[in-house]
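I opened this entry to look up charged pairs and open space. My notes follow the structure.

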Amino acid sequence: MSVKTAARTQSRLAPVAAGNPEQIRNVALVGHGGVGKTTLTEHLLAAAGAISRAGTVADGNTVSDADPVEISQQRSAFLSVCPMRYRDMVLNLLDTPGSPDFVGELRAGLRAADAALFVVSAAEELDDSTLALWEECAALGTPRAVVINRLDAPRADLARTLAACRQAFGGVDGNAVLPLYLPTDAAQPAAGGLVELLTATDPAYSDDRAALIEAIIAESEDESLLDRYLSGDDLDPAVLVADLHTAVGRGHFHPVVPVCGGGDSSFGMSELLELIVRGFPSPTERPLPDCYTPIGADGPKLTCDPAGPLAAEVVRTWVDPYLGRVSLARVFSGTITTDTALHVSGHGSADRGHPDHDADEKVATLLGPTLAPISSAFAGDFCVVARLASAETGDTLSEQRQPLVILPWQLPEPLLPMAVRAATRNDEDALAKALTRLAAADPAVRIERNAETNQLVLWCLGEAHAEVVLARLRAGGAAIETEPVRVPLLATFTTQARGHGRQVKQSGGHGQYAVCDVVVEPLPRGSGVQFLDRVVGGAVPSQFIGSVEKGVRAQLARGLQQQATVPVVDVQVTLVDGKAHSVDSSDAAFQTAGALAVKDAAAAGGVQLLEPVDSVRITVAEHSIGAVLSDLSGRRARVTGTEPLTSDRPGNRSVISAEVPAIELLRYPAVLRSLTGGAGSFTRSYLRHDPAPPTVAAALLG
């Protein structure tokens, strides 16, 4: 976020501060891309009076999508926090990206939030990606309400969407998902108003009201409440609201609110705000993550107490040209002030190129989420800490006198590789600095310097993620280029071959003289390179046997291909004969002769290229199995099995096991996403190297 962008956001949102954690509601907006989460956030801010008028994604003037990348692509790519005051409460709305490529930002938002508004569109069917997002929330036990958005859109059907939500998310009987509000006009929902079923007296809503009340009081701690209701007693609405709060907070019940969060409509916004305030839990009611000391010992049990030990987690990082590194943090426990001596800990992402680290720093600039200066932030709230040189997304901020570590949220494995290089030598330093900033901001990316292919490879979650990664690097001043990703190839001999190496030079002064003959034979996979000496009669003096071996091994490591470095493996090289000169033979001469002998053996034929093969497990919905299997057959894959997956997630899924050449998996994340509507996932691990067909070998050496 640039200073210009920060200033615009700050001007639209006034600073908001709460008096205590009970007055805070931290709510993430979750839903797949295109259902209107960002626009809904704008309407909620406008309904609460935080902004004068709702912006639009098309105009690029929304509060949450303020980054230049988001404005240019017209979609959310980063987590954003939009605070506002409603009545005597502070509501922090966390707008999360809907694309599967940014699931890391989604999980950061779910870690920082205490509840979620799960947004679906009344004009679209529930797809597999929506079910996957629901499972993301369910895995964390996040309290949720379902928001059926876009009632005014063409082909919107509230009844159909409500039935689909109840079937997908409502449990066995569907009663875990029921409407809290219903339109006064069922034929044209957006034309009228909403009726709150808890207080409805119209007989037309009696069945819906009865189902809602029974579902709510099933979670009540008062066991007599259901009997009283069934016997005809009028229950106090305040009691029902308290039980609604309990049921939602436990994650057992998910009320439905229909809204029109688009255009200039404010339909359903006040009802949604009331639900957030009355039905959602405060930070004090939610369990907090476990913490540890930097050496791995158990830390204190965290509670949402401003007087407790300081434990805050960085949920987003960016670099401002004036403020430096900027960290958005959720404070779980304690209070952070401008005088706090901070300890910054980052642990748990070393396998992605984000090494574990610990550093002591002091707060230089403390800001609120609106980037207005503040003096302190206490448990349950958010703050922005600027000029922390070592802080990265996922890091823990604690006090120097009591350093703590909260393990970061689980991130999906990035499986889409992208090779980049500096455009010129002058850009190499800029690229290195940009990579450092990228590692700090995006824990979902894995940075790999592949020693086998000599490429800098950035592993991303998908094509949209890769576009954002490139934009971040270029925004840092690095002129970079992409290049095709190369897979690490190997080669081996398929038959026995003889080779003759002769290094003879007499050009004045000390000459070079070495001759050796070798036999190269294939070995079983995994045997490596073996060298044997079978010379008789001292044809090669013993002091030069090691020189021949050194030259042979060096040449096999460099490879025998002219186009690329392809190491040769799983062969036995036997030195069988040779010649030496009493004056001109040397270590260097016999190294060269050994290398030439191996190259001569390869020229005789029988060398085969080996390509890496990965073991792959693909998880897909059952209706996508056919399309995925058909695609695998075109990727030279060998399917080893298909088995149903047992899961609490709605819908039937299966796992396909296969062995696939690595070259066929370079763009597979995008292909699988297209085949499965964004809901398919897979894992891969190196299995072995297999012979590559001649046409494939020629293309790989290209």
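Which residue forms a salt bridge with arginine 111? I found glutamate 313, with the closest N and O atoms 2.9 Å apart. I take a salt bridge as a side-chain nitrogen of Lys or Arg within 4 Å of a carboxyl oxygen of Asp or Glu. The pair links distant parts of the chain, 202 residues apart: arginine 111 sits in helix H4 (residues 103-112) and glutamate 313 in strand S10 (residues 311-320). Helices (H or I, at least four residues) and strands (E, at least two) are DSSP runs, numbered from the N terminus. I note both arginine 111 and glutamate 313 as buried. Buried means under 20% relative accessible area, exposed over 50%, and partly exposed in between (1.4 Å probe, protein chains only).

A note on the source: this is a predicted model, where local features need pLDDT of at least 70, side-chain atom pairs count only at pLDDT 80 or more, and totals for chains, interfaces and linings use all residues. Residues are numbered from 1 along each chain as its sequence is written, and side-chain values use heavy atoms, with hydrogens and water left out.

I searched the whole structure and got 26 salt bridges. Next I checked arginine 421, which pairs with glutamate 483 at 2.3 Å between the closest N and O atoms. Arginine 421 is partly exposed at 37% relative accessible area. Glutamate 483 counts as buried at 18%.

Arginine 553 and glutamate 549 meet in a salt bridge at 3.0 Å, N to O. Both lie in helix H13 (residues 545-558), 4 residues apart, about one turn of the helix. Arginine 553 is partly exposed at 35%, and glutamate 549 is partly exposed at 26%. I also logged one network: Arg87, Glu196, Glu274 and Arg278 are joined by salt bridges that share partners.

Last, I turned to the largest pocket. It holds about 1500 Å³ of space. A pocket, on a 1 Å grid over the protein atoms alone, is an open set of points where a 1.4 Å probe fits, with protein on both sides within 12 Å along at least five of seven lines; lining residues have an atom within 4 Å of a point. Of the 48 lining residues, Val103, Arg107, Glu136, Gln410 and Pro412 are the closest to the centre of the pocket. H5 gives the largest share of the lining, 7 residues.

Terms used: Points joined across faces, edges and corners; volume = space filled by probe spheres on them.
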